[in-house]
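Please have a look at the sequence and the structure first.

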Amino acid sequence: TGAQKPIEMDVTDAKTNLLDSFIYASDNDSQDVNIVFDGKVIVGTRARKERAKSYNAFCSINFPYQAVIQDGMLVRYITEMLKLIPGMQPDILPYLFERYDCLVVESFGVGGIPESLLDEFYTQMNKWKDKGKILVMTTQVANEGSNMTVYEVGKKVKLDFKILEAYDMTLEATITK
C-alpha cells in the first residue's frame, strides 16, 4: 500500500490504507501481489497510478477489483481463479473436482476441452457427475460467445454430461451467476 499524504499528518489516507492492507493480508483467502489503496484491492499486474494528488490515485486496468474494504470488512468480488492452459498436467483435475462444487472451464475458442486433458476430464466427470458438481463451459473470446457443438470434442462433452454453457456471458457474469 501507500498514501498520498504522510502518515504523521492530521489529514491523511496512510492510516486507513495501512489498516486496510492488514485486513486484506490477514484473510486466509488472500494471495498473490495486490495493491490496497482507497479501500480497493487491485491485482498488482493491473494496478496503475492515474492521479498524483487524489486519494483515489490507483485504478485497475481492464480487470475488476479483487475486493473492497468497507467499514473494516473485506468484501470479495471475484475469488481466485486457476486457468487451465495448454501444457498443464491432467493430474490437476482430480484436485479441482474434489475441492470445488462448480468449475468454470474457459475454452480457447468456441468451446471444448484441450486434448491433453480430455481423458482425465472424462474420468473426473464420470466420478463426480452424480454428486451435485456443476460444470460451466465458456470462452475467453470477447465477442460472439461459445458454441460447443462446432467441434467434435465440445459436442461429445456436451452430449455426455449435464453441463451449462455460458454462450455470450462475460467470465465475470458467469462466475457471479
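Predicted model: local features only at pLDDT ≥ 70, side-chain atom pairs only at ≥ 80, totals over all residues.

**Salt bridges and two aspartates**

The side chains of Arg76 and Asp27 form a salt bridge, with 2.8 Å from N to O, where the term stands for a side-chain nitrogen of Lys or Arg within 4 Å of a carboxyl oxygen of Asp or Glu. This pair joins distant parts of the chain, 49 residues apart, since Arg76 sits in strand 6 and Asp27 in the loop between helix 1 (14–25) and strand 1; helices (H or I, at least four residues) and strands (E, at least two) are DSSP runs numbered from the N terminus.

Residues are numbered from 1 along each chain as its sequence is written, and side-chain values use heavy atoms, with hydrogens and water left out.

By the rule I quoted, there are six salt bridges. Another of them brings together Asp101 and Lys133, at 3.9 Å from N to O. Asp101 is exposed at 59% relative accessible area, whereas Lys133 counts as buried at 19%; buried means under 20%, exposed over 50%, and partly exposed in between, with a 1.4 Å probe and protein chains only.

Asp38 pairs with Lys40 in a salt bridge of 2.9 Å, N to O, and Asp38 also has a positive phi of about 55° although it is not a glycine. Asp71, likewise not a glycine, has a positive phi of about 50°, and lies in the loop between strand 5 (67–70) and strand 6 (73–76).
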